[in-house]
Amino acid sequence: MKPQTAPLIVRTALREAFALLRAAGVPSHTLAAELLLMHALGRDRTWLYAHPEEVIRDFEVHLFTSLLARRAAGEPTQHLTGKQEFWSLEFEVTLDVLIPRPETEHVIEVALDRLAIREIRAGRKQTFSGEGLQIADVGTGSGCIAVALAKELPGATIQATDISSAALAVARRNATRQSVYDQIHFLESNLLDEASHLPLFFDLIVSNPPYIGRREAATLMREVRDHEPEIALYGGEEGYELYAELIAQAGAKLKPGGILVLELGHNSLPAVQPLLDAHTWTNVGVTNDLAGIPRVLAAERL
Ligand SMILES: C[S@@+](CC[C@H](N)C(=O)[O-])C[C@H]1O[C@@H](n2cnc3c(N)ncnc32)[C@H](O)[C@@H]1O
């Protein structure tokens with residue numbers, strides 16, 4: 001922000017913030033400036049645009065100025081506000097978890113569609129609370145997939161695994177915040193290793209595993225490469241290395257007719273789809289994201 005001679009009002013603060021973030025090459029700079037001002041003032045967007053002449057108090061100007069400087073230097077907006085919306089729910093995010101991405105909502109859509117089709121095939125009623133379903137979310141991170149499924153399927157029980165205990169702490173807080181803590185069991189585990197000891201088989205296994213190749217690191221946006229946890233980003237040198245073990249474990253832990261839903265990296269499909277061998281899997285389907293990239297691979301255990 002420029003040094004102020006007159007009191008700073010909302011309209012001027014926004015205009016200057018747009019210019020500053022645009023000059024710094026921040027993607028979606030308008031949205032970022034709005035979110036940071038909303039955060040600094042503790043107001044929503046409707047209030048900002050309904051009160052363009054409102055004077056901003058000094059301590060809020062200082063806070064907003066420091067948030068803008070950090071955003072211009074590459075820190076993700078969500079790390080500055082501490083939150084991200086996913087599936088119309090608000091999630092806490094910290095440096096220990098991947099920021100939930102909009103394309104991951106396709107994982108939820110595909111999982112719910114596949115479960116609904118299974119119910120219809122079985123001749124059961126279509127309004128369905130997931131009563132008795134056993135679900136696993138592998139690599140839960142912020143818990144966004146597990147929590148969204150728990151909200152949609154209040155009768156289901158979910159095992160949410162992650163290799164990072166710090167991520168699991170965030171996921172637990174998100175489950176509490178969304179009032180689904182009792183439905184989700186959190187396991188510190190490599191993939192499904194710890195679940196393999198449990199005397200249960202799953203109706204649904206979902207996962208958004210790390211899938212970026214280390215050799216692609218230089219092509220990532222600085223917000224991602226320099227600020228999100230490496231363990232959440234990289235799946236190996238190529239990116240798709242974790243899928244083989246994940247698919248083998250899912251094959252062993254799904255019930256017959258159970259469903260596997262995996263998020264894919266932008267170029268993972270040719271390496272991952274052949275892992276779904278015809279002796280174990282049927283009804284293999286691919287769903288593109290809004291950018292036309294094959295994003296979700298789903299299959300049914302024979
Ligand atoms: C791409 S992030 C996905 C997080 C969250 N599910 C989402 O969709 O936003 C991958 C997550 O998998 C975890 N992870 C990485 N390797 C793992 C492994 N071998 N076993 C279990 N979790 C792992 C990371 O800690 C991270 O939280």
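A residue counts as buried when its relative accessible area is under 20%, as exposed when it is over 50%, and as partly exposed in between, using a 1.4 Å probe and the protein chains only. Keep that in mind for what follows. The model is predicted: local features need pLDDT of at least 70, side-chain atom pairs count only at pLDDT 80 or more, and totals for chains, interfaces and linings use all residues. Residues are numbered from 1 along each chain as its sequence is written, and side-chain values use heavy atoms, with hydrogens and water left out.

Start with helix α6. Helices (H or I, at least four residues) and strands (E, at least two) are DSSP runs, numbered from the N terminus. Helix α6 covers residues 105–121, 17 residues in total. From first C-alpha to last, α6 reaches 24 Å, close to the 24 Å expected at 1.5 Å a residue. That expected span is 1.5 Å times one less than the number of residues.

Which residues of α6 are buried? They are His106, Val107, Ile108, Val110, Ala111, Leu112, Arg114, Leu115, Arg118 and Glu119. An α-helix has 3.6 residues a turn, so residues three or four places apart point the same way. The cover over the buried residues of α6 includes β1 (83–86), α7 (144–152) and β6 (202–207). It also includes β9 (254–263), β10 (281–288) and β11 (294–301).

Histidine 106 counts as buried because its relative accessibility is 12%. Contact means heavy atoms within 4.5 Å. Leaving aside neighbours within four places in sequence, histidine 106 is in contact with Asn288, Asp289, Leu290 and Val296. Just after α6, glycine 123 takes a positive phi of about 75°.

Now look at helix α4 (residues 58–72), where leucine 68 is found. Leucine 68 is buried because its relative accessibility is 1%. Beyond its neighbours within four places in sequence, leucine 68 is in contact with Met1, Ala17, Leu20, Leu21 and Leu36. Leucine 36 is 32 residues away along the chain, yet the two C-alpha atoms are separated by 7.4 Å.

Finally, turn to the ligand. The shell around the ligand holds nine nonpolar residues, eight polar and one charged. Here Ala, Val, Leu, Ile, Met, Phe, Trp, Tyr, Cys and Pro count as nonpolar, Asp, Glu, Lys and Arg as charged, and the others, Gly among them, as polar. A polar side-chain atom of aspartate 162 lies 2.6 Å from an oxygen atom of the ligand. For isoleucine 163, a backbone N or O atom lies 3.2 Å from a ligand nitrogen atom.

Conventions:
A polar contact is a pair of N or O atoms within 3.5 Å; within protein, one must be able to donate a hydrogen and the other to accept it, and residues adjacent in sequence count only if both atoms are side-chain atoms.
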